[in-house]
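Biologist: I would like to learn how to read features off a model. Can we go through them one at a time?

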Amino acid sequence: MTDTTPQGIPQLDTTIDEPGLDAGEVELALFMLERTRATFAWKVGGLDAEALHRAFPPSEMTLAGLVKHMTFVEDDFVARRLGAGGYGKPWHHTTPDDWPGYDWRSAADDSPADLYRWWQEAVERARTAWTRVTADGGLDEPADIEWDEGGHPNRRRMLVDLNAEYARHLGHADLFREAIDGLVGEDPPQG
C-alpha cells in the first residue's frame, strides 16, 4: 500500500515497470504477472467496506472475496506448488473443516485495510519466491506439486497457471468495479 484516500482507505501500488525490448522469457513472464497484479490492484483498490462487500446477484461474489481469494492463490502457489515458503496470516488458524471456500466466505468479516494488507504481503512473499526459483534452475525445473494423474509440471506451467487465475478474476473485478463507480480501462494510469 502506498497511499490512502482522503477517507483513509489504503491505495494499492499499481506501478508497472516495463521490461527491456530484448527481455528474455523469465523477465517477460514475470512482467506479465506484475502487469496483471497492478491491474487487479487498480480494479479492487481504494474502496470502502461497503463497496468491497457488495454482491452482484445472482452471484454472491464480492470484490472483498476476490481480494482474499487472490491472497490465498498467491500463497498457495508459493507454499504448495513451488515449495518456496509458507502461507500468510489469514490462513494460520484455519482447519480442514473451514475449506473449501473459506477465502470467499470469510472475506465478509474483513476490513479493507486487512484485505489489502494481506494481499500485498502475499504478493511480496510470491515475488521473493519467484525471484529465488527462477534464479535457481529457471522455469524448466519441476514444481513442487504432483498432478493427481502423476507427474510434476514445471515452474513455467505454474507461472502460466497463476497468470490464468488472475486473468479469470480480472474479468470479474472489471465488471464489478464499473458497476460500483464507473471505473473502466485496461491498465492502471501511470505517473
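Biologist: Is Tyr87 buried, partly exposed or exposed?

Modeller: First, a caution: this is a predicted model. Tyr87 has a relative accessible area of 32%, so it is partly exposed, because buried needs under 20% and exposed needs over 50%.

Biologist: Which ring pairs with Tyr87, and how are the two planes set?

Modeller: Start with the general idea. A pair of aromatic rings is described by the distance of the centres and the angle of the planes. By the pairing rule, this model has nine aromatic pairs. In one of them, the ring centres of Phe72 and Tyr87 are 6.0 Å apart and the planes are at 20°. That makes the pair stacked, because planes under 30 degrees apart count as stacked. The two residues are 15 apart and link distant parts of the chain. Phe72 belongs to helix 3 (residues 63-81), while Tyr87 sits in the loop between helix 3 and helix 4 (102-106). Phe72 is buried, at 18% relative accessible area.

Biologist: What are the distance and angle for Trp99 and Tyr102?

Modeller: Their ring centres are 5.5 Å apart, with planes at 55°. That pair is therefore tilted. Trp99 itself is partly exposed, at 25% relative accessibility.

Biologist: Which residues form one aromatic cluster?

Modeller: Phe72, Tyr87, Trp91, Trp99 and Tyr102 do.

Biologist: Which residue lies over the face of Phe77?

Modeller: Arg81 does, at 4.2 Å from the ring centre.

Biologist: Now helices. How many residues does helix 5 have, and what should they span?

Modeller: Helix 5 has 24 residues, 112-135. After helix 5 comes Gly137, with a positive phi near 100°.

Biologist: Which members of the largest nonpolar core touch the most other members?

Modeller: That core has 39 residues. Phe40, Val44, Leu63, Trp119, Trp130 and Tyr166 touch the most other members. At least two core residues come from each of helix 1 (25-44), helix 2 (49-52), helix 3, helix 5 and helix 6 (155-181).

Biologist: What does Trp119 touch, beyond residues up to four places away in sequence?

Modeller: Trp119 touches Leu12, Arg37, Phe40, Ala41, Val67, Met70, Thr71 and Tyr166.

Biologist: Where does Pro188 lie, and is it buried or exposed?

Modeller: Pro188 lies in the segment after helix 6. Its relative accessible area is 4%, so Pro188 is buried. Now set sequence against space. Pro188 and Lys43 are 145 residues apart in sequence, but their C-alpha atoms are 8.3 Å apart. Setting aside residues up to four places away, Pro188 touches Thr14, Ile16, Ala38, Thr39 and Trp42.

Biologist: Where is Thr14 placed?

Modeller: Thr14 is in the loop between strand 2 (10-11) and helix 1. Thr14 counts as buried, at 18% relative accessibility. Beyond four places in sequence, its contacts include Ala38, Ala41, Trp42 and Pro188.

Biologist: How far is the C-alpha of Ala55 from that of Pro188?

Modeller: The separation is 24 Å, for residues 133 apart along the chain. Ala55 is in the loop between helix 2 and helix 3. Ala55 counts as partly exposed, at 35% relative accessibility. Leaving aside neighbours within four places in sequence, Ala55 is in contact with Glu60, Met61 and Thr62.

Terms used. Residues are numbered from 1 along each chain as its sequence is written. This is a predicted model: local features need pLDDT of at least 70, side-chain atom pairs count only at pLDDT 80 or more; totals for chains, interfaces and linings use all residues. Side-chain values use heavy atoms; hydrogens and water are left out. Rings of Phe, Tyr and Trp (its six-membered ring) pair if their centres lie within 6.5 Å; planes under 30 degrees apart count as stacked, over 60 as edge-to-face and the rest as tilted. Helices (H or I, at least four residues) and strands (E, at least two) are DSSP runs, numbered from the N terminus. Buried means under 20% relative accessible area, exposed over 50%, partly exposed in between (1.4 Å probe, protein chains only). A charge sits over a ring if NZ of Lys or CZ of Arg is within 6 Å of the ring centre and within 35 degrees of the ring normal. The expected span of a helix is 1.5 Å times one less than its number of residues. A nonpolar core is a set of buried Ala, Val, Leu, Ile, Met, Phe, Trp, Tyr and Cys residues joined through side-chain atoms within 4.5 Å. Contact means heavy atoms within 4.5 Å.
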